[in-house]
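Q: I have not looked at this one before. Can you walk me through it?

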Amino acid sequence: MATTQDQRPTQLLTLEEYIRYDDGTETRYELVDGVLTAMPTENPLNNTIILFLISSLLKIGVPYYRLATNHQIQVSSRKVSARQPDLVVHTPASASAILQDGKLLRLHQPAPDLVVEVVSSSDTDQRSRDRDYLEKRQEYSQRGIAEYWIIDPIAAVVLVLTWVDETYQESVYTGDDLLASPKFPALSLSATELLTAGLPKFR
């Protein structure tokens, strides 16, 4: 397989090649229409937000084995594609399926309860913004994922998208608005708490 100087393949990858690909770096990749695509470097706060959300979900009784930060999800596209959300909250069925298969949740396997994306540089990187706000919204909806959260620290907004009648209905939260999650009604977080990972210095 031909590679560039940074060792990324220059030809289209199959899903199985993508799953096995490892360039020995910490770079996070998604497979977009068969093309290995490096994700932008994230602000350290983004990872802290995800850890804070994981902690909050554990506190309301979501089992640890249903929470994952490095699981890929196969989505429908013109060619084979896979996304790697910042956080996946599995159903018991999807958790069992991916643990048996590896790190990829395939199209024929059960959809998770929730996927979460933290937007990076939404004010300066239109491509990154469109990826989370538009492309993944369509792909996750087609995949039948019950909830999709878009957390945008730059815009100071959290979008909770709920899958109803085969499409997403959008709720927008800012400031002291309490997030309403149909799948996790016991979760009690304001938009500001989530956007700042509960840290006062970021408020």
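What follows is a short chat about the chain as a whole and then about some of its residues.

A: Keep in mind from the start that this is a predicted model.

Q: Fine. How many helices and strands are there in the chain?
A: The chain has 5 helices and 11 strands.

Q: And how compact is the chain next to a globular protein of that length?
A: It is as compact as one, because its radius of gyration is 17 Å and the globule rule gives 17 Å for 203 residues. The C-alpha trace spans about 50 × 35 × 30 Å along its principal axes.

Q: What share of the residues count as buried?
A: Of the 203 residues, 47% count as buried. The accessible surface of the chain comes to about 10,100 Å², and carbon and sulfur atoms account for 50% of that.

Q: Let's go to a helix. Which residues of α3 are buried?
A: Helix α3 covers residues 92-101, and S94, A95, A97 and I98 are buried in it.

Q: Where do those sit around the helix?
A: Seen down the axis of α3, the buried residues fall within an arc of 165 degrees, so they line one face of the helix.

Q: What do the buried residues of α3 pack against?
A: They pack against two strands, β4 (72-75) and β7 (104-105).

Q: Which exposed residues are on the face turned away from the buried side?
A: P92, L99 and Q100 are the exposed residues on that face of α3.

Q: What comes just after α3?
A: G102 does, and it takes a positive phi of about 130 degrees.

Q: Which residues here go against that, then?
A: D33 is one of them: it is not a glycine, yet its phi is positive at about 50 degrees. A197 is another non-glycine residue with a positive phi, about 55 degrees.

Q: Where is D33?
A: D33 lies in the loop between β1 (29-32) and β2 (35-38).

Q: Buried or exposed?
A: D33 has a relative accessible area of 18%, and the cut-off for buried is under 20%, so D33 is buried.

Q: What about R203, where is that?
A: R203 is also placed in the segment after α5. R203 is exposed, with a relative accessible area of 56%.

Q: What does R203 touch?
A: Not counting residues up to four places away in sequence, R203 touches T192, E193, T196 and G198.

Q: Changing topic. Where is P112?
A: P112 is in the loop between β7 and β8. P112 is buried, with a relative accessible area of 2%.

Q: What does P112 touch?
A: Leaving out residues up to four places away in sequence, P112 touches I73, V88, V89, H90, T91, S94, L105, I145 and A146. Among them, S94 is also one of the buried residues of α3. P112 and R143 are 31 residues apart in sequence and 9.5 Å apart in space, C-alpha to C-alpha.

Q: And S128, which helix is that in?
A: S128 is in α4. S128 is buried, at a relative accessible area of 3%.

Q: What is S128 in contact with?
A: Setting aside neighbours within four places in sequence, S128 is in contact with P40 and S120. S128 and P40 are 88 residues apart in sequence, with their C-alpha atoms 7.7 Å apart.

Q: Last one: where is S121?
A: S121 is in the loop between β8 (114-118) and α4 (126-142). S121 is partly exposed, with a relative accessible area of 34%. The C-alpha atoms of S121 and I19, 102 residues apart along the chain, are separated by 27 Å.

How values were computed: Residues numbered from 1 in each chain as written. Predicted model: local features only at pLDDT ≥ 70, side-chain atom pairs only at ≥ 80, totals over all residues. Heavy atoms only, no water. Helix = DSSP H or I, 4+ residues; strand = E, 2+ residues; numbered from the N terminus. Rg over C-alpha atoms; globule rule 2.2 N^0.38 Å. Buried < 20%, exposed > 50% of the residue type's maximum accessible area, 1.4 Å probe, protein only. Areas by Shrake-Rupley, 256 points an atom, 1.4 Å probe, with all protein chains shown as cover. Arc of directions from axis to C-beta. Contact = heavy atoms within 4.5 Å.
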